[in-house]
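The entries are in the order in which I went.

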Amino acid sequence: MIEESLSILKKNYSEIESHCNFQSTHLRKDANIETKRLVHNYLASAMSLVDHTRIYIKYFHGENELKSYKDNVQTVFAQSPLSSFIKDFRQYIQHFRLPEMTFQQKAYSIKSNITLRISTAELLKFSGWKTESKKFLRTKHPSFDLFEVLNTYQEKVATFYIWLFKEQSDHFVSEFLELSSLEKKLQDLYLRDLVTDLVLSRIVSFRNFEDKFHQATRRKYFNEFKEINELDRIDRIMKIIDIKAPFSAAVRNCIESIVI
């Protein structure tokens with residue numbers, strides 16, 4: 001769930017970045033409806049990620065959430081004027097109005113030669129800003145580059161989730177190892193059953209055999225097999241099966257017989 005929500009946020013940010021880069025060579029002073037749509041989508045997905053992460057942590061850890069998670073959220077997001085602004089700006093754009101934004105050329109910049117300007121005074125007409133958000137906006141008079149702000153927030157999010165995924169991996173390391181072991185045992189059983197069905201002539205075509213093989217191996221080799229011919233696929237299957245269990249050469253004869 002978290003991975004999907006994070007992927008959506010990254011995609012929405014990439015679309016804003018591409019849009020701004022396009023404007024740098026096809027400058028239109030007034031931000032069009034496409035710009036507003038992209039910003040709207042990014043802010044919505046940012047808050048979805050926050051909610052989905054909170055639900056995920058509560059589901060897997062119950063009321064006794066990871067202390068390190070709570071502490072890091074408090075430091076990185078809860079006490080951050082930038083994060084507070086992003087949260088309240090989502091309220092602004094979804095429940096108050098779509099903001100007016102304009103593109104402006106920079107004289108010189110290493111990263112980008114375009115800015116997406118937004119008026120601080122216009123934003124402050126919204127009564128829903130929290131204290132930390134107001135603190136953020138007070139540093140941004142008379143206007144600021146919204147794209148730069150979103151870029152900074154996106155980097156903050158990326159750093160946090162790299163930490164969180166590592167923390168989860170360390171926390172559940174024994175469960176992951178046990179699951180991996182069980183999956184390997186289950187795959188071995190599937191492959192043994194597959195070979196048994198083959199030897200007993202329950203499988204009458206190589207396509208049927210190959211489909212069952214991919215099911216047994218959870219499609220681990222599917223993309224690899226698309227790049228090689230049928231005889232090479234047989235060789236590859238035999239090597240994989242031999243790794244899993246010491247079957248005799250008779251198995252290969254059975255596979256070759258259904259190919260012919």
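My notes on the sheet, a helix pair, the aromatic rings and one arginine follow.

**Ground rules.** The model is predicted, so I kept local features to pLDDT of at least 70 and side-chain atom pairs to pLDDT 80 or more, while totals for chains, interfaces and linings use all residues. Residues are numbered from 1 along each chain as its sequence is written, and side-chain values use heavy atoms, with hydrogens and water left out.

**Sheet.** I began with the strands. I took helices (H or I, at least four residues) and strands (E, at least two) as DSSP runs, numbered from the N terminus. Two strands pair if DSSP finds at least two bridges between them. I found an open sheet of 3 strands in the order β1-β2-β3, with antiparallel pairing. β1 and β3 are at the edges with a single partner strand each, so one side of each has no neighbour in the sheet. From one strand to the next, the twist averages 35 degrees; axes here are lines fitted to C-alpha atoms, for helices over the stretch in contact, and angles between N-to-C directions run from 0 to 180 degrees.

I then went through the bridges. Strand β1 (residues 101-105) is joined to strand β2 (residues 114-119) by 5 bridges. Q104 stands opposite T115 in β2, and Q105 has I114 of β2 as its bridge partner. Between β2 and strand β3 (residues 143-145) I noted 3 bridges, with R117 opposite D145 in β3.

**Helix pair.** Next I checked how α4 sits against α6. Helix α4 (residues 81-95) packs with helix α6 (residues 131-138) at about 105 degrees, the axes being 7 Å apart. That makes α4 roughly perpendicular to α6 (65 to 115 degrees; under 35 is roughly parallel, over 145 roughly antiparallel, the rest oblique). With contact meaning heavy atoms within 4.5 Å, P81, L82, S84, F85 and D88 in α4 meet E132, S133, K135, F136 and L137 in α6.

**Aromatic rings.** I counted rings of Phe, Tyr and Trp (its six-membered ring) as paired if their centres lie within 6.5 Å; planes under 30 degrees apart are stacked, over 60 edge-to-face, the rest tilted. By this rule I get 22 aromatic pairs. F85 and W129 are a stacked pair, 5.6 Å centre to centre with 10 degrees between the planes. F85 is in helix α4 and W129 in the loop between α5 (120-123) and α6, so the pair ties together parts 44 residues apart in sequence. Are F85 and W129 buried or exposed? Both are buried (under 20% relative accessible area; exposed is over 50%, partly exposed in between, with a 1.4 Å probe and protein chains only).

I also looked at Y161 and F165, a tilted pair at 6.1 Å centre to centre and 50 degrees between the planes. They are 4 residues apart in helix α7 (residues 146-171), which means a separation of about one helical turn. Y161 counts as buried at 5% relative accessibility, whereas F165 counts as partly exposed at 31%.

I wrote down one aromatic cluster: F85, F89, Y92, F96, F126, W129, F136 and F144.

**One arginine.** Last, I looked up R138, which is found in helix α6. At 58% relative accessibility, R138 counts as exposed. R138 and T120 are 18 residues apart in sequence and 8.2 Å apart in space, C-alpha to C-alpha.
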